[in-house]
Amino acid sequence: MKYFKRLAVAAFATAAFNLGASSLLQAQDAPPGDAGNGKHLYIADGCFTCHGRSGQGGAYNGPAPILAKTALPFDGFKAQIRNPVNDMPAFPAALLSDKDIADIYAFVQSLPGPRSAKDIAILNY
C-alpha cells in the first residue's frame with residue numbers, strides 16, 4: 001500500500017511540474033502583444049460572434065472553443081487563424097498581420113478563464 005501511495009504522490013508531483021513548465025513555456029513562446037489593441041481586433045474582426053465577448057466559447061455555428069486563458073501555444077493559435085479547422089474563416093496575412101494575431105493572443109490570455117463550478121452560486125444549492 002505504501003508503494004502505491006508513493007507512486008501516486010510521484011505521479012502527481014510530475015504532473016504538477018509538467019503543467020507549470022508548459023505554462024512557462026507557453027508564456028515564453030508568445031511574442032509581446034498589446035491586449036488593448038487585441039480586444040479592438042477581436043471585436044472588429046468578429047471573433048466574438050462565435051467565441052463570445054469574453055472568450056467563453058459558444059455555439060453560433062457549431063461549437064466554438066473557449067479562448068479565455070487558452071492553453072494553445074502562440075504558434076498553434078496562429079496556425080488555427082491562418083489555416084483553421086472546422087467552420088472558422090481563414091485570416092491570411094493580408095487581413096491580419098502576425099502582430100495583430102499576437103495582440104489578439106495577448107487579449108485572450110488576459111481574460112479570466114473558465115470558473116470552477118463551485119464558484120458559480122446557482123450551482124451550489
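Tutor: Start with the largest nonpolar core, which has 17 residues in this predicted model. Seven names matter here: Tyr42, Phe77, Ile81, Leu96, Ile101, Ile104 and Val108 touch the most other members. Next, ask which elements supply the core. Helix H2 (35-44), helix H4 (74-82) and H5 each give two or more residues to this core. H5 gives the most, with 6 residues.

Now pick one member, Tyr42. Leave out residues up to four places away in sequence. Tyr42 then touches Cys47, Phe48, His51, Gly52, Arg53, Gly55, Leu67, Ile104, Phe107 and Val108. Two names on that list, Ile104 and Val108, are also among the core residues that touch the most other members.

Cys47 is another contact of Tyr42. Is Cys47 buried or exposed? Cys47 counts as buried, because its relative accessibility is 18% and the cut-off for buried is under 20%. Cys50 is partly exposed, at a relative accessible area of 28%. A disulfide needs the sulfur atoms within 2.5 Å. Cys50 is therefore in no disulfide either, as its nearest cysteine sulfur is that of Cys47. The count of disulfides comes to 0.

Return to H5. Gln109 sits in this helix. Gln109 is buried, with a relative accessible area of 19%. Its C-alpha atom is 9.5 Å from that of Gly55, although Gln109 and Gly55 are 54 residues apart along the chain. Gly55 is also one of the residues that Tyr42 touches.

Step back to the whole chain. The protein chain has 5 helices and 0 strands. From the N terminus on, its elements run α-α-α-α-α. Take the contacts between residues at least 6 apart in sequence: 60% of them join residues at least 24 apart. Buried residues make up 24% of the 125 residues. The accessible surface comes to about 8600 Å², and 65% of that belongs to carbon and sulfur atoms.

Two loop residues deserve a look. Lys69 lies in the loop between helix H3 (47-51) and H4. Its phi is positive, about 55 degrees, although Lys69 is not a glycine. Lys69 is partly exposed, with a relative accessible area of 47%. Asn86 is in the loop between H4 and H5. Asn86 also has a positive phi, near 65 degrees, and is a residue other than glycine. At 74% relative accessibility, Asn86 counts as exposed, because the cut-off for exposed is over 50%.

Leu123 is found in the segment after helix H5 (98-110). Leu123 is exposed, with a relative accessible area of 54%.

Notes:
Residues are numbered from 1 along each chain as its sequence is written. This is a predicted model: local features need pLDDT of at least 70, side-chain atom pairs count only at pLDDT 80 or more; totals for chains, interfaces and linings use all residues. Side-chain values use heavy atoms; hydrogens and water are left out. Helices (H or I, at least four residues) and strands (E, at least two) are DSSP runs, numbered from the N terminus. Buried means under 20% relative accessible area, exposed over 50%, partly exposed in between (1.4 Å probe, protein chains only). A nonpolar core is a set of buried Ala, Val, Leu, Ile, Met, Phe, Trp, Tyr and Cys residues joined through side-chain atoms within 4.5 Å. Contact means heavy atoms within 4.5 Å. Accessible areas come from the Shrake-Rupley method with a 1.4 Å probe; for residues, only the protein chains shown count as cover.
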